[in-house]
Protein chains: 2
Amino acid sequence: MRVVVVGAGLAGLSAAKELVASGAEVVVLEARDRVGGRMMGGSIAGHPIELGGTWIGEGHERMYALVDELGLQTFPTWNDEGELLIELGRKQRRMASRKGAIPRLNPIALADLAQGLTRFGRLARSINPATPWTHPDAIRLDSQTFETWIQRNVRSGKGRAYFHAVAEALFSADARDISLLHVLAYVAGSGDLETMIAVDQGAQKDRVVGGSVLIPERLAASLDVRLGSPVASVVQDGAGAAVITRAGERFEADRVVVTLPPTLTGRLRYEPLMPPWRDQLTQQVPAGTVAKVFASYPTPFWRGKGLNGQAVSDAGPVKVTFDVSPPGAEIGVLIGFVEGGEARRWQRLDPAERRRQAIDGFVRYFGTEAASPTEYLEQDWSAEEFSRGCYGAHFAPGVLTDYGDILREPVGRIHWAGAEYAVEWAGYMEGAVLSGRDVAREVLAANK
Amino acid sequence: MRVVVVGAGLAGLSAAKELVASGAEVVVLEARDRVGGRMMGGSIAGHPIELGGTWIGEGHERMYALVDELGLQTFPTWNDEGELLIELGRKQRRMASRKGAIPRLNPIALADLAQGLTRFGRLARSINPATPWTHPDAIRLDSQTFETWIQRNVRSGKGRAYFHAVAEALFSADARDISLLHVLAYVAGSGDLETMIAVDQGAQKDRVVGGSVLIPERLAASLDVRLGSPVASVVQDGAGAAVITRAGERFEADRVVVTLPPTLTGRLRYEPLMPPWRDQLTQQVPAGTVAKVFASYPTPFWRGKGLNGQAVSDAGPVKVTFDVSPPGAEIGVLIGFVEGGEARRWQRLDPAERRRQAIDGFVRYFGTEAASPTEYLEQDWSAEEFSRGCYGAHFAPGVLTDYGDILREPVGRIHWAGAEYAVEWAGYMEGAVLSGRDVAREVLAANK
């Protein structure tokens, strides 16, 4: 069997590896001049950093096994030494960065938030993440935004700020952009909210020595990957399929696996045309909006102040930071996330103003030493032609109940994969690997 | 000045006509082998019908003037002789089809609906349709779906059914798919809800003798329109722009006007790339889902039963019908609309089952004579490669407030037009003409 995989991200490479292991002839076509997709290596002050997907953690069993298999090592995210900074209403507090920990709020806000988290958790546990549209209350849950749920179920400003931060961190979109049902299904597929957002015992627990991009690079080493080969169209008929690049190269196949983000799959041309429901689906799965900003300093000076480099704030544009200093080096590196609505405003500013606002956040959280980084970098994922957003896709109200069941459904000889298609850990590297392996099995079964 | 207009729908042709009148050299590139875009002629039982945009009415001053200027005539939609059929909860009632008329419901449902309409109207009048995101309450109104508003403000099942029907009729989407702010702005831009949905003194008042497609056909007659020329990419730099077709033909221009539905503008390639905000916008403006079904009969037999061929039902898939019989002929023709969620389910059925369900509706409304049409036709607009949906685009929550201000903003030498871009009567033929004329002025001003 011949298979063409479109996209050399983690899903595409994982699919290709499984297919090759099962005896298929596989060509991976990659638009960029590098592999990795939304995993991308960079460097700051001479040290490797992750411009895209960075962390693995609790529940990411496939990723840990893969890292091991590829001869790579992990190291813990800088977390335990020093405290997390919380900024709400311009008032700063510190707390240990522990899974499930809640900031010290006044008793009323605390009770409100605790009750909101309990209600949310109970609702999420009632959802089957593989088929959220089959929930008895699916229509009602998919008829409202996450924001509507927050307004109804959380009364305090600080409690609401917590849930807003959750929406931004998980979807790089605002709570008003997303269907409640999608938020619930997304969390249900990853276990629980507390694990998803935590470093300690959470999804951000570990990093890969040398950078996470080594994973796709090593995976690709034994595969037939054609870089710089953006695909223009996919054709199929009863006898077979072919993938044609923008440059006009044609690759024949029995099956095709398209691993682009769902919204970008709508931009390829298909012969025959995609059926109307699949086309309409791709009109309604926007990618999140997120930029990462990095600043390097001679030392991780915040550590000397009892801070661990992590900040969470309700004031943008940078509302979340981490210490991503290279292990064993003297320098300190901060990463800041600009997510959702913040990113949509920030990205329209001129570069100097963008930098000023980003650095301002670092200074507010960690002090004036942050004002003069030795290097500063930005990575806006919605500006990338072949991603057009990160981390994953979100569903507005109504989309999951009307289109959810066709998301993963192959169209003839064309199969779909990518982190967005995973039932578990959708939108994470773990989900990408899972989806790639699942689609490989699907392709093998379909070709019998 | 040289201008390339992409798309020979009503907006593109209107723009081209204005530009030519101002001395520009204009080429219109049309992907299809016909002009008209979402206006399309067809025939049933040997008589012309409209497979796309059909009616003009109250408030469509530009359209009436254009019809006149092109030497065409209008005739009234069949309305006054006979009653409208209302079916709610499988119970049928009849009423005169009059603007603002409300079905005879029980007093509680009637009061509930009347109050809902009053509240909705008051809220809509507070919105500036050109800049809805500047409303003092914009964020709150854009944080919820229209469905959330209905659930909160309308209590009776029949009152809610009325508003659901409104969402489907205006957006060919369900109330849960759409931001409340967008519904309000859309209605504010067209005057009032009652006019929009009415035949009598409403937007469906008149039809064009010979079919509405004569409008774009006559407009195109004096223009340089290249049919069968789907565009692949648009390039621009400081010196000029060029539009390149899929076949590789290149058209140089000073300015380019792209009149595709917003979601399809995201599928063209641009050099330089679209800025991230514009690309993300195009990921979030899905087209509605609607199919039209037509059935012809030896006579308009429903007229003999005191019915005017109009039905509104809460049971799908065909929830709305009209009498579109050719004037002066003996035969009768019914049109049925399958909209929103109904269309999304119906379009996945096999053709025989689709027809059976559609005809079932006609039988339920008008009697067993409807069971055996002399001809039956379907037109699913989401299956059309170069429309991928109808009538217009809808905005999910959060999109208008974060992206509304860039919708109409040119990107360098590229300008945007189409019914979706109109401030008044967006999504109607009137809006398409308005948008085309506005963009012509914008292009002329930009080139000074």
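**Reading a helix, a sheet and an interface**

Biologist: Which residues of helix α9 (residues 214-221) of chain B are buried?

Modeller: In this predicted model, B:I215, B:P216, B:L219 and B:A220 are buried in α9(B). Buried means that 20 or more other C-beta atoms, placed from the backbone, lie within 10 Å of the residue's own. Helices (H or I, at least four residues) and strands (E, at least two) are DSSP runs, numbered from the N terminus. Residues are numbered from 1 along each chain, and local features need pLDDT of at least 70. Chains are lettered from A in the order in which they are written.

Biologist: Which elements do they pack against?

Modeller: Their partners are α1 (10-21), α2 (61-69), β8 (206-208) and β9 (225-226) of chain B.

Biologist: What is the strand order in the open sheet of chain A?

Modeller: Strands pair if DSSP finds at least two bridges between them. The order is β9-β2-β1-β13-β20, with parallel pairing. β9 (225-226) and β20 (414-416) of chain A are at the edges with a single partner strand each, so one side of each lacks a neighbour in the sheet. Five bridges join β1(A) to β2(A), and A:V4 has A:V27 as its bridge partner.

Biologist: And how many residues of chain B are in contact with chain A?

Modeller: Contact means C-beta atoms within 7 Å, placed from the backbone. By that rule, 36 residues of chain B touch 36 of chain A, and α11(B) gives the most to chain B's side, four residues.

Definitions and conventions
Predicted model: local features only at pLDDT ≥ 70, side-chain atom pairs only at ≥ 80, totals over all residues. Contact = placed C-beta atoms within 7 Å. Buried ≥ 20, exposed ≤ 12 C-beta atoms within 10 Å, placed from the backbone.
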